[in-house]
Amino acid sequence: MCSRRDSNPPEYPAVLLDPHTCAHTLLRHLYATLPSTLPIDRNLRDAEVYQRHTNGETTAELAKAFGLSVQRIRGIIRQMVGKN
C-alpha cells in the first residue's frame with residue numbers, strides 16, 4: 001500500500017509517495033493478475049451455448065462455464081430459439 005504524503009517510512013520507496021505514481025503502480029499490479037483473453041466471436045459462443053443447452057446442460061452450468069449470468073444464458077437461448 002502507499003503511504004501518506006506527510007510520512008516517510010523507510011520501507012516505502014520515495015516514488016510511491018506521489019499519489020499518481022502510487023495509483024499507476026497499483027493498477028499495473030491489478031491488471032497483471034487478470035487473465036488475458038482474446039476477443040470472442042459471440043455468434044459462435046451463442047451457438048455453442050444453445051447446442052449445449054439442447055444437449056441437456058442447465059443454464060446454471062452454462063453460466064459458470066461461459067462466465068455469464070444465468071439471465072444472459074437464458075436470453076441467448078431465447079434468441080437462438082427465435083432464429084431456428
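Modeller: Start with a network of salt bridges that links E48, R52 and E57. Keep in mind that this is a predicted model.

Colleague: How far apart are the closest N and O atoms of E48 and R52?
Modeller: They are 3.4 Å apart, and the pair forms a salt bridge.

Colleague: Where do E48 and R52 lie?
Modeller: Both are in helix α2, which covers residues 42–54. They are 4 residues apart, about one turn of the helix.

Colleague: And what does E57 pair with?
Modeller: E57 forms a salt bridge with R52, and the closest N and O atoms are 2.8 Å apart.

Colleague: Is E48 buried, exposed or partly exposed?
Modeller: E48 counts as partly exposed, because its relative accessibility is 39%. R52 also counts as partly exposed, at 24%. For E57 the relative accessible area is 25%, so E57 is partly exposed as well.

Colleague: How many salt bridges does the structure hold?
Modeller: It holds 3. One of them joins R45 and D46, with the closest N and O atoms 2.9 Å apart.

Colleague: Are R45 and D46 buried or exposed?
Modeller: Both are buried.

Colleague: Let me step back. How many helices and strands does the protein have?
Modeller: There are 4 helices and 0 strands. Along the sequence the pattern reads α-α-α-α.

Colleague: What share of the residues is buried?
Modeller: Buried residues make up 21% of the 84 residues.

Colleague: What about the surface, how much of it belongs to carbon and sulfur atoms?
Modeller: Carbon and sulfur atoms account for 57% of an accessible surface of about 6800 Å².

Colleague: Which residues form a nonpolar patch on the surface?
Modeller: L26, L27, L30, Y31 and L34 do, with about 520 Å² of accessible area together. Y31 belongs to helix α1, residues 19–33. Y31 is exposed because its relative accessible area is 57%, and the cut-off for exposed is over 50%.

Colleague: Now the packing. At what angle do α3 and α4 pack?
Modeller: Helix α3 (residues 59–66) and helix α4 (residues 70–83) pack at about 105°, and their axes are 8 Å apart. α3 is therefore roughly perpendicular to α4. On the α3 side the contact is made by T59, A60, L62 and A63, and on the α4 side by V70, I73, R74 and I77.

Colleague: Pick one of those. What is V70 in contact with?
Modeller: Leaving aside neighbours within four places in sequence, V70 is in contact with T59, A60 and A63. V70 and T59 are 11 residues apart in sequence, and their C-alpha atoms are 5.8 Å apart in space. V70 is in helix α4 and counts as partly exposed, because its relative accessibility is 24%.

Colleague: How do the axes of α2 and α4 cross?
Modeller: They cross at roughly 90° and come within 9 Å. That makes α2 roughly perpendicular to α4.

Colleague: Which residues make the contact?
Modeller: From α2 they are N43, R45, D46, A47, V49, Y50 and H53. From α4 they are R72, I73, I76, I77, Q79, M80, V81 and K83. R45 and D46, listed there for α2, are the buried residues of the 2.9 Å salt bridge.

Colleague: And G75, is it buried or exposed?
Modeller: G75 is buried, because its relative accessible area is 16%. G75 is found in helix α4. The C-alpha atoms of G75 and D46 are separated by 9.9 Å, and the two residues are 29 apart along the chain.

Colleague: Last one. Among contacts between residues at least 6 apart in sequence, how many join residues at least 24 apart?
Modeller: The share is 30%.

Methods:
Residues numbered from 1 in each chain as written. Predicted model: local features only at pLDDT ≥ 70, side-chain atom pairs only at ≥ 80, totals over all residues. Heavy atoms only, no water. Patch = residues over 30% accessible without salt bridge, like charges linked within 9 Å, V, L, I, M, F, W, Y side chains within 5 Å. Areas by Shrake-Rupley, 256 points an atom, 1.4 Å probe, with all protein chains shown as cover. Salt bridge = Lys/Arg side-chain N within 4 Å of Asp/Glu carboxyl O. Helix = DSSP H or I, 4+ residues; strand = E, 2+ residues; numbered from the N terminus. Buried < 20%, exposed > 50% of the residue type's maximum accessible area, 1.4 Å probe, protein only. Axes fitted to C-alpha atoms, helices over the stretch in contact; angles between N-to-C directions. Parallel < 35°, antiparallel > 145°, perpendicular 65-115°, else oblique. Contact = heavy atoms within 4.5 Å.
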